[in-house]
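Please look over the chain and its ligand below.

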Amino acid sequence: MNKVVRQSSRGVTKATTRNETAAAVAESASAEPRMQYRFAAWKDARWNSFDRQRERYEAIKPYLGSNAVGAEIGVYKGGFGEFLLPHCRKLYLVDPWYRLGGYWQSGIPNDSRAETVIEILSVYKSEINAGQVEVIVDYGASFLAGMRDRWFDFLYLDGSHNYEQTKKDLAQALPKMKSGGAVVGDDYDPDPASNQHGVFRAVNEFVAGHGFSLTLNRSRQWGFRVP
Ligand SMILES: C[S@@+](CC[C@H](N)C(=O)[O-])C[C@H]1O[C@@H](n2cnc3c(N)ncnc32)[C@H](O)[C@@H]1O
């Protein structure tokens with residue numbers, strides 16, 4: 001029997017059978033926002049487990065708002081989008097996947113291939129048909145360049161993790177943000193030996209260069225609001 005993970009407003013998660021799910025839905029009927037996790041969390045890599053995704057979500061949640069227009073740049077297998085979705089009237093899931101060439105750095109076969117996109121399209125099918133979700137096979141900077149100015153309430157940057165690319169993503173992102181919107185992201189790593197340290201450098205330089213304040217630095221998540 002398929003398993004579904006549900007989260008209540010108190011952040012409690014339950015892996016249930018589909019029969020148990022009806023009771024969980026009724027129990028959390030008043031929960032806002034409510035999310036449904038339709039991916040096989042327990043099979044994913046440890047760095048991207050359901051619990052790790054939930055921890056990241058708890059850190060960025062104050063920046064997501066409600067009824068938002070948002071995008072996740074760097075989507076991987078798509079599970080984190082489930083956390084973002086309840087906050088959004090429109091959510092773009094953006095990743096080059098197979099265009100990146102094979103798979104991403106995780107070393108897990110099938111992680112950034114066409115099969116991944118097919119599964120994501122399948123899981124988000126009803127939201128895609130309703131116009132709430134768009135799945136975009138593209139690089140973050142290229143996608144952002146094509147969007148209208150002052151369109152986004154939030155962006156979650158979790159793509160290349162490379163210094164130069166992160167700088168480009170940030171530069172493209174800024175004019176696309178509404179005033180008061182939030183740019184947040186993953187893997188803010190102060191360790192110069194880390195292969196994700198480029199994010200730390202690029203974000204710090206960007207924030208300082210624009211006179212912004214980094215207001216989120218928790219659970220390796222970073223973020224700032226655009227004045
Ligand atoms: C760390 S994973 C994303 C994890 C995902 N956000 C999550 O929370 O489950 C990084 C992803 O970024 C994608 N990626 C690499 N370079 C990118 C770029 N320039 N723009 C957007 N995505 C990129 C990779 O294909 C990979 O799937």
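Y163 is partly exposed, because 17 other C-beta atoms lie within 10 Å. In this predicted model, Y163 belongs to helix α7. Beyond its neighbours within four places in sequence, Y163 contacts G198, R201 and A202. R201 is 38 residues away from Y163 along the chain, yet their C-alpha atoms are 6.9 Å apart.

## The buried side of α7

Helix α7 spans residues 163–173. Its buried residues are T166, D169, L170 and A173. They lie on the same side of α7, because they cover an arc of only 95° around the axis.

What covers these buried residues? The cover includes β4, α6 (140–145) and β7 (152–157). It also includes β8 (177–185) and α8 (197–210).

## Two positive phi angles

R150 sits in the loop between α6 and β7. Its phi is near 50°, a positive value in a residue other than glycine. R150 is exposed, because 12 other C-beta atoms lie within 10 Å and the cut-off for exposed is 12 or fewer.

H161 sits in the loop between β7 and α7. Its phi is near 70°, again positive in a residue other than glycine. Is H161 buried or exposed? H161 is buried, because 22 other C-beta atoms lie within 10 Å and the cut-off for buried is 20 or more.

## The ligand shell

How many residues surround the ligand? The shell holds 22 residues. The closest are G74, Y76, F80, G140 and G159. Strands β4 (68–73) and β5 (88–95) are the elements that give two or more residues to this shell.

By residue class, the shell divides into ten nonpolar, nine polar and three charged.

## The whole chain

The chain has 227 residues, of which 36% count as buried. It contains eight helices and ten strands. Among contacts with a separation of 6 or more, 60% join residues 24 or more positions apart.

## Confidence

The average pLDDT of the chain is 85. A score of at least 70 is reached by 80% of the residues. Over residues 1–31, the pLDDT is below 50. This stretch still has 38 contacts in the model beyond near neighbours in sequence. Where pLDDT is low, the predicted coordinates should not be read in detail.

Methods:
Residues are numbered from 1 along each chain as its sequence is written. This is a predicted model: local features need pLDDT of at least 70, side-chain atom pairs count only at pLDDT 80 or more; totals for chains, interfaces and linings use all residues. pLDDT is the predictor's confidence in each residue, from 0 to 100. Two residues are in contact if their C-beta atoms, placed from the backbone, lie within 7 Å. A residue is near a molecule or strand if its C-beta atom, placed from the backbone, lies within 6 Å of it. Helices (H or I, at least four residues) and strands (E, at least two) are DSSP runs, numbered from the N terminus. Ala, Val, Leu, Ile, Met, Phe, Trp, Tyr, Cys and Pro count as nonpolar, Asp, Glu, Lys and Arg as charged, and the others, Gly among them, as polar. The arc is that of the directions from the helix axis to the C-beta atoms.
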